[in-house]
Amino acid sequence: MCGIVGYIGEGDAKEVILEGLEKLEYRGYDSAGIAILKDDVIQIVKKSGKLSILNDYLEKNPISGNLGIGHTRWATHGAPTESNSHPHYSEDRKVVVVHNGIIENYQQLKKGLIEKGYKFESETDTEVIAHLYHSLYKGNSIEALKNLIQLIRGSYALGIIHSDNKDELLCCRNESPLIIGIGENENFIASDVPALLKYTKKVHFLENGDYGKITKSNIELYDINNNLVEREVNTIEWTLEQATKGGYEHFMIKEIHEQPETLRQTLERVVNYHDYSINFEEIIKKDELEKIENIHIIACGTAYHAGLQGEYMIEKIAKLPVATEIASEFRYSNPFVDKKSLCIFVSQSGETLDTILAMKECKKRGAMTLAITNVVGSTISRDADKVIYTMAGPEIGVASTKAYTNQVLNFFLLAIYFAELKECISSDEKKLLLEEVKKIPQQIEVLLEDLELIKETSEYFKNVTNGFYIGRGLDYKVALEGSLKMKEVSYIHTESLPAGELKHGTIALIEEGLPTVVLCTQTELLEKSVSNIRELKSRGSYIISVTNEENTEVIANSDVTLLIPKTIDILSGLLSVIPLQLLAYYTSLNKGIDVDKPRNLAKSVTVE
Ligand code: F6R
């Protein structure tokens with residue numbers, strides 16, 4: 001849940017680390033710190049609050065050196081105070097540690113260290129590592145690191161420097177991501193690729209259990225079994241431009257605008273429009289699908305909402321039974337999963353711990369696992385039997401937008417592919433579906449052209465504290481996502497409900513002026529949705545509908561209508577979610593909220 005950057009080389013470690021941390025602030029931003037080794041002394045500076053506070057301080061009080069580690073934190077143990085911020089020192093100030101993850105047995109380790117006379121300055125689990133490394137070090141850094149890993153339990157990515165070994169940067173990972181960037185006479189570590197793009201595009205993705213020693217000209221890595229290993233050198237295709245704001249005020253709006261392009265890229269990669277074939281043969285073969293009796297889609301948050309659309313699409317198009325489940329619940333539900341199950345894990349980051357652990361559970365039960373993820377080399381992508389990359393490009397805004405639509409599109413294509421394998425779709429039907437989806441990127445471009453009405457509607461939200469998002473069928477699944485977007489970036493409490501469920505209790509909350517966003521895109525359910533709108537309107541609710549221009553009854557009964565282009569019902573979610581993303585974004589702006597870094601949230605949730 002935190003961001004780590006480390007540097008060893010001939011350049012200014014402080015500059016590299018601060019720039020890298022800025023790119024990682026999406027991973028956590030309630031405090032930040034840096035440690036630089038100069039001569040024989042490691043100097044630490046840390047500040048609670050955003051990275052800019054640390055930056056400002058260092059401008060006035062510069063430090064310099066060629067070896068250092070830095071950290072941007074999202075608190076898990078102990079409040080986001082200066083003393084709890086990373087890096088953490090050993091008592092003699094010689095060992096310094098940054099950590100991402102949670103050390104589960106830290107209380108027990110801490111007790112043992114206190115008994116040995118170690119004194120603690122913070123409430124964190126991380127400080128244990130600094131003291132423990134110190135107690136294990138007998139002149140050989142790799143030996144000490146190896147022994148440390150054997151004693152700690154939990155998820156971690158670690159960067160360690162020790163003033164006795166001025167030419168070494170140590171690192172290791174288990175469950176939390178860590179990469180090594182490869183440079184010329186310099187090397188790097190980081191939690192994620194954007195931190196290093198300015199300096200290198202060549203990286204090693206560490207495997208679980210990997211640990212090693214990095215100098216400016218050498219990388220020495222060991223695997224979980226203590227064998228010396230050479231990890232693959234991956235070349236990152238993302239440009240720095242892609243990983244930064246590209247002229248937009250915020251990442252969220254940039255990423256909303258990137259959706260036509262990223263969806264187009266996915267279509268180009270997966271669909272051959274000459275013969276309407278879908279390029280998923282690598283993913284699952286006919287004989288493999290024939291053995292599958294049930295499908296589970298497992299994810300968290302927005303990825304879960306994409307999964308709900310996926311369930312609908314696979315059931316409708318491929319006529320296979322699907323259950324979509326929240327990862328944190330699934331794992332403890334003793335699920336009906338066995339070797340006849342296909343378990344699909346959806347995760348933008350590929351590092352969400354709840355999803356990773358749910359995958360482990362499914363693997364234990366013999367299920368086939370398929371990941372739909374956006375990050376090449378992420379834990380989920382490496383643990384799964386099969387992977388579909390959403391290729392949405394780096395998503396930096398905390399609120400997921402372009403990853404969501406890419407996940408939904410991949411589900412749509414997967415549903416058609418499964419239907420084809422099962423021979424339950426005619427070539428005409430398939431052609432129609434693929435022609436309709438081909439129009440989606442351009443239809444989103446149209447939606448993004450004129451934002452005036454959405455901006456005006458967001459003014460209405462500025463002064464409200466509660467709202468509802470409702471819909472029927474597929475519309476309900478999009479309502480869930482619209483409501484989540486509004487909550488996370490505007491801090492307005494919104495609730496999403498199947499429209500027909502309102503009258504069973506929640507309608508008691510409707511009062512004059514309370515906004516209800518009503519999604520009305522499903523032809524068969526339109527009449528019923530119009531009745532719901534009337535029910536709400538007669539009780540004073542302010543109705544914002546999302547529909548296409550043919551649905552005149554909906555429009556006539558609404559206070560505001562956010563129009564979307566006409567598509568086939570099953571694809572409408574890819575369009576109707578766009579005004580909802582925008583509405584959340586502009587409401588956040590109106591309220592003066594830091595939309596890319598809303599409070600209490602982090603981009604990648606690597607704790608249970
Ligand atoms: C909301 C959001 C979160 C994530 C969830 C899962 O905008 O981004 O709800 O969708 O934390 O994250 P990933 O997809 O990285 O597994």
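Where is the place of Tyr 491? Tyr 491 sits in the loop between helix H17 (474-490) and strand E24 (493-498). Helices (H or I, at least four residues) and strands (E, at least two) are DSSP runs, numbered from the N terminus. The model is predicted: local features need pLDDT of at least 70, side-chain atom pairs count only at pLDDT 80 or more, and totals for chains, interfaces and linings use all residues. Residues are numbered from 1 along each chain as its sequence is written, and side-chain values use heavy atoms, with hydrogens and water left out.

Backbone geometry is taken up here. Phi of Tyr 491 is near 60 degrees, a positive value in a residue other than glycine. Tyr 491 is partly exposed, at a relative accessible area of 27%. Buried means under 20% relative accessible area, exposed over 50%, and partly exposed in between (1.4 Å probe, protein chains only). Asn 226 is not a glycine either, and its phi is positive, about 65 degrees. Asn 226 belongs to the loop between strand E13 (219-222) and strand E14 (228-229). With 31% relative accessibility, Asn 226 counts as partly exposed. A cis peptide bond, with omega about 0 degrees, joins His 86 and Pro 87. Pro 87 is placed in the loop between E4 and E5.

His 86 also takes part in a side-chain pairing. Its side chain makes a polar contact with the side chain of His 71, at 3.3 Å. A polar contact is a pair of N or O atoms within 3.5 Å; within protein, one must be able to donate a hydrogen and the other to accept it, and residues adjacent in sequence count only if both atoms are side-chain atoms. His 71 lies in strand E4 (residues 67-73). His 71 counts as buried because its relative accessibility is 0%.

Charge pairing comes next. Side chains of opposite charge can pair when their charged atoms come close. A salt bridge is a side-chain nitrogen of Lys or Arg within 4 Å of a carboxyl oxygen of Asp or Glu. The count by this rule is 26 salt bridges. One of them joins the side chains of Glu 121 and Arg 93, at 3.2 Å from N to O. This pair links distant parts of the chain, 28 residues apart. Glu 121 is in the loop between helix H3 (106-115) and helix H4 (126-136). Arg 93 is in the loop between strand E5 (88-89) and strand E6 (95-103). Glu 121 is exposed, with a relative accessible area of 52%. Arg 93 is partly exposed, at 35% relative accessibility.

A salt bridge also forms between Lys 213 and Glu 168, with the closest N and O atoms 3.6 Å apart. Lys 213 lies in strand E12 (residues 211-214) and Glu 168 in the loop between strand E7 (154-162) and strand E8 (169-174), so the pair ties together parts that are 45 residues apart in sequence. Glu 168 is buried, at 12% relative accessibility.

Glu 288 and Lys 386 form a further salt bridge, their closest N and O atoms being 2.8 Å apart. Here too distant parts of the chain are linked: Glu 288 in helix H9 (residues 286-290) and Lys 386 in strand E22 (residues 386-389), 98 residues apart. Lys 386 counts as buried, at 15% relative accessibility. Elsewhere, a network of salt bridges links Lys 254, Glu 258 and Lys 402.

Asp 450 is in the loop between helix H15 (427-449) and helix H16 (452-462). Asp 450 is exposed, with a relative accessible area of 55%.

Two separations complete the description. Glu 423 is in the loop between helix H14 (402-421) and H15. Glu 423 is exposed, with a relative accessible area of 63%. Leu 54, in helix H2 (residues 51-60), is buried at a relative accessible area of 0%. Leu 54 and Asn 374 are 320 residues apart along the chain, and their C-alpha atoms are separated by 31 Å.
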